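Dear colleague,

Please find below the structure that I am handing over to you. My notes on it follow directly after.

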Amino acid sequence: QFVGYRLVQGENPFNINFEMPPFGKYLYGLSAKYLENPYWTTVFLYLSSFLIFFLLTRNLFKQNRPVLLALLLFATTPFVATQLRETMLDLPLMFLYLAHVWLFIKYLQDPKKLISLALSGILLGLATATKPGVYTPLATILGLLLVFVASKKVLNSIFYASTVFGGYILAYFPTYFIRHPNPIPWLR
């Protein structure tokens, strides 16, 4: 909460808590500054995660019973249930990954909808800017292969990779590039 609030105030993200990327912290800071409570971001991300998970399972299962069972398991998972009282980076990361997968599946179902592919890539980039991107290389490589298989176009794969990178850069605009335009610390 404190770091996010300082980032919203204009603090350089490389001067305070630099070991974690700034996007998730910035979301909590925006909520603390404008809504006077960072837990509103937690509630929004928690409920949005349920909605995205519902849409994802509804897309995979056509019957109601498996969808409701999956939602029940999702809601009662201790990791998810305990996030409501926290302002940690796990909840934004979970939301971003869920939304990325949902939009990516929507693209695979209709490869002509490049907007789903673009939003999916941007969300993966934002997830990388929320916590260290341990899974981003594997997810990007797998995504590039699936995009190529679905569309048979190399340009779509390049487009996907560029949106992932663009999403990562986008996360640093409000916290770094606008107020501190020196790219050298960011490159380091």
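Predicted model: local features only at pLDDT ≥ 70, side-chain atom pairs only at ≥ 80, totals over all residues.

Residues are numbered from 1 along each chain as its sequence is written, and side-chain values use heavy atoms, with hydrogens and water left out. Helices are DSSP runs (H or I, at least four residues), numbered from the N terminus.

I begin with the interior. A nonpolar core is here a set of buried Ala, Val, Leu, Ile, Met, Phe, Trp, Tyr and Cys residues joined through side-chain atoms within 4.5 Å; buried means under 20% relative accessible area, exposed over 50% and partly exposed in between (1.4 Å probe, protein chains only). The largest such core has 32 residues, and Phe 74, Leu 96 and Leu 98 have the most contacts inside it. At least two residues each are supplied by helix 2, helix 3, helix 4 (64–76), helix 6, helix 7 (114–128) and helix 9. Helix 6 gives the largest share, nine residues. Not counting residues up to four places away in sequence, Leu 98 touches Ser 49, Ile 52, Phe 53, Leu 56 and Phe 74, where contact means heavy atoms within 4.5 Å. A second, separate core has seven residues, among them Phe 104, Tyr 107, Leu 117 and Tyr 160.

The aromatic rings come next. Rings of Phe, Tyr and Trp (its six-membered ring) pair if their centres lie within 6.5 Å, and planes under 30 degrees apart count as stacked, over 60 as edge-to-face and the rest as tilted. The whole structure holds six aromatic pairs. One of them, Tyr 46 with Phe 50, is edge-to-face, at 4.9 Å centre to centre and 75° between the planes. Both residues lie in helix 3, four residues apart, about one turn of the helix, and both are buried. Tyr 46 and Phe 50 also belong to one aromatic cluster with Phe 53 and Phe 74.

Finally, the loops. Most residues other than glycine have a negative phi. Glu 36, in the loop between helix 2 (23–34) and helix 3 (39–60), has a positive phi of about 60°. Glu 36 counts as exposed because its relative accessibility is 71%. Lys 152 also has a positive phi of about 60°; this residue is in the loop between helix 8 (136–151) and helix 9 (154–177). Gln 83 lies in the loop between helix 5 (78–81) and helix 6 (90–109), and counts as buried because its relative accessibility is 6%.

With kind regards
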